[in-house]
Structure formats: structure tokens, C-alpha cells
Amino acid sequence: MSGTKVKNFLLNLYPELARFQWFNQITATVIPALTPRLKKIMRWSLPTVTVLFVILLGTAIGSWLLGLFFPKQVTPTPIEFIAPTTTPRYQSPFLPLKRAIEEFNPALPEPLPAVFDDKISLESLEEL
Amino acid sequence: MKKFFLIIFANIFLFSAGIVFAQSTFLSDYNFQLDQYRKNYAEYTNFKKDYDDRPTLNNEQKALLSARQTIISRELAWANFYLVLSESISKPGVNYPLITEATTDLTGIANYHFTQANKATNIVTRADLTNFTKEELTVLATHRLSLTQAQTANKLAQLIKFQIDAKTAYDSLVPKLEAVKNDVVVKNGLDQVQTYSAQINAQIEALAKKTTDFDLDESNQSQFYENTSQSLREIRGLQNRLVTVIIDLDTNYVRH
């Protein structure tokens, strides 16, 4: 019943369709094949698929348009990895002695006393 | 319970006081007396100037008292300086004739200055001050030689300690090299250690002799310091090479 309604609606909208043989064939074949169960499925699935299709199409078009206005993200080439030089694990217990020798100060005079006045007197030094 | 806490607190206090005391009392006393001396000396200079400008009894008394205080702090600073040096020489714990001599001399000189600090408290008149300074100047001249020798002994004590430590290192290393003792490099290394050791010992001995024989009246002090510094530098260089060989043998030829 509803199939006939759709056919009438389409013919009303596009009268030229009546001229096409295949239209009459499809409507003659498809309309009687639409069982109530199939109709129920189509009633819900068609709008759902249409909505999903529109969303996906919109997203795809949006991404493409975005690519036109923003430059592509540049990913730098990875920095060359330099392997650290391997140092021997063993540390000699005599290294602190070597360090102490290197830090030894050979300068003389050291320690140097402060400068003191050893001639404290109320009389002239020449008189002493 | 209270007693228990009291004992704990007392122990903590005594322990921390011990640590503070262990941080060279002599150095701390020397710095304190040096500060006192500088303060007193500035005051003395002013009073002496006043006295020189206007030699009144009042000005003389002020200058005299200030001079006495300055001398006391000076003597105590000197005494502590010698004790600091003596402590530094004894620190490595080396038993060597020059070092023993130096520490004995320094203790004697420090005691002399402590006595002088006490003696200075008796300065009352201008004549007392003059006599004190006169006597002090003659004695101080004899201390110069001991100070020069002690400064060298202080450096030698450190180098001898390095030599003792190097010998201990060598002695602990030799048994570990038993398995590779015929290896040419190991053999050369051990020979080098022996050679360096002999050279260092000879140079230390020569420097110690030179220091003991040093005569301040006949030689130039700054020339002595310069030559001694050069010798110390050479000994340090040899010790550095010696320890480098020991470390090389230990790192590369001993199985760890």
C-alpha cells in the first residue's frame, strides 16, 4: 500500500518518470516484495544510514577544507642517536691518593702568619 | 623518666661539644686573637698618636694600657699560630727526624709566646714596655729559622704520607699480580715503581737535609723558599707518576 503511495508521490513530483520502462518494472517488482517486516526495517535503517552518511561525508569534506587552510604538520627527522662511550666499571681504590697528590700545594711560605707589629713602644725605635 | 631524658640530653650536648672542640681549637683561637689584635692595634695607634702630639701623663697612660692589650693579643695570636702549624705537621702521623724536630720547636715557641702574654700583664711603665719589646725583638729573630724549617716540614710531612700510602698500595698490589708477573708490561711497571720510589726517597732526604742545614744568616730566605718549592714540585710530579703506574697495574692487570 505504502509502496503505491511512494510511486504515486514520485510520479506526481516527476511525471517524466512514467516514460521510463525500468521505473515501471522496478515499481512492479519491488513494491509487492516489500513485506511488513522489511518495511519496518527500512523505515528505521534508511534514515539512520542517511544521517550517518551525511555526518561522515561532512567530516571528510571538513578535513579536506581544513588541509587547504593550515599547513601540513612537519615531523622532524629523528636525531641521530650517539651511543655513550663505555667507561671501565672498575675504579681503583688508589684514585683518591692520586687526587690528593695532584691537589698538594708546593708553594712556600705557607701557612703565612699575619703581619704583627713587633716594635710596640712609646719611645723612638732608634733609642732602643 | 625525667632523669632518663636528662641523661640523653647531657650526652647529646657533650657529644656536640666534643665535635665542635675537635674542629681545631688552635685555629679558632688564632682567628679570635688576630681579631682582638687588629682591634687593639688600631686603638693603640690612635692613642700613640695622641701621646706623640701631646705627651701628657694621661695620654701616656692610655697609650701604655692600649699597648699592653695589643701585646697580649699579639702574643696569644702568635702562640696559637705556631700550634696550628704544629698540629698541621703532626696530622699525617709521620715519624721523621725533621718533622719531630719541627713540632718540638713549635711547641717551645708557642709556650714562649704564652709566657710573654702573661709577662705583658706586668707592663706598667714606659720603661717596662721598652724593655719588653727590646727582649722580644732579640728572641723573635731566632724564631724565624724555626718557622721556615717548620713550614718546609709541614709540606714534607704530607709528601712522606703520600709515599707511605703509595708503599701500602704497592704492597697490596704485588701478590695480586703473581699470575701475570712475567708479562713484559707488568714487569716494566713494577720496575718503574721501584725506580720512582728510590728517586722520591732520595729527593725527600736531600730536601730534609737542606732544610736542617739551612742557615738564615748566610742564605737568602726567599731564595730558599723558591728552591724548596721547586723541589716539592718535582717530588709531587714523581709521586704522581708512581701512583699512575700503580693504578694502571691495578686496573688493567689485576683480576677483579
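Which helix of chain B holds Lys49(B)? Lys49(B) sits in helix H2, residues 25-53. The model is predicted. Chain B is built from 7 helices and 0 strands. Chain A supplies 28 residues to the contact with chain B, and chain B supplies 48.

**Chain B overall**

- Along the sequence, the pattern of chain B reads α-α-α-α-α-α-α.
- Chain B has 256 residues, and 35% of them are buried.
- Among contacts in chain B with a separation of 6 or more, 82% join residues 24 or more positions apart.

- Lys49(B) is exposed, because it has 12 other C-beta atoms within 10 Å and the exposed class covers 12 or fewer.
- Tyr41(B) counts as buried, because it has 20 C-beta neighbours inside 10 Å and burial requires 20 or more.
- Leaving aside residues up to four places away in sequence, Tyr41(B) touches Thr70(B) in its own chain and Asp117(A) across in chain A.
- Tyr41(B) and Arg74(B) are 33 residues apart along the chain, and their C-alpha atoms are 9.1 Å apart.

**Helix H3 of chain B**

- Helix H3 of chain B covers residues 57-90, a run of 34 residues.
- H3(B) reaches 49 Å from first C-alpha to last, close to the 50 Å expected at 1.5 Å a residue.
- Of its 34 residues, 25 are buried, so H3(B) is largely enclosed by the rest of the structure.

- The side of chain A that touches chain B has 19 nonpolar, 7 charged and 2 polar residues.
- Helix H4 of chain A (residues 95-103) packs with helix H7 of chain B (residues 221-253).
- Their axes lie 9 Å apart, at an angle of about 165°.
- Angles over 145 degrees count as roughly antiparallel, so H4(A) and H7(B) are roughly antiparallel to each other.
- The crossing of H4(A) past H7(B) is left-handed.
- H4(A) brings Leu95(A), Leu97(A), Lys98(A), Ile101(A) and Glu102(A) to this contact.
- H7(B) meets them with Arg236(B), Gln239(B), Asn240(B), Val243(B), Thr244(B) and Ile247(B).
- The residues of this helix pair's contact divide into 5 nonpolar, 3 polar and 3 charged.

Note on methods
Residues numbered from 1 in each chain as written. Chains lettered and ligands numbered in written order. Predicted model: local features only at pLDDT ≥ 70, side-chain atom pairs only at ≥ 80, totals over all residues. Contact = placed C-beta atoms within 7 Å. Nonpolar A, V, L, I, M, F, W, Y, C, P; charged D, E, K, R; others polar. Helix = DSSP H or I, 4+ residues; strand = E, 2+ residues; numbered from the N terminus. Expected span 1.5 Å × (residues − 1). Axes fitted to C-alpha atoms, helices over the stretch in contact; angles between N-to-C directions. Parallel < 35°, antiparallel > 145°, perpendicular 65-115°, else oblique. Left-handed = near helix turned anticlockwise from the far one by under 90°.
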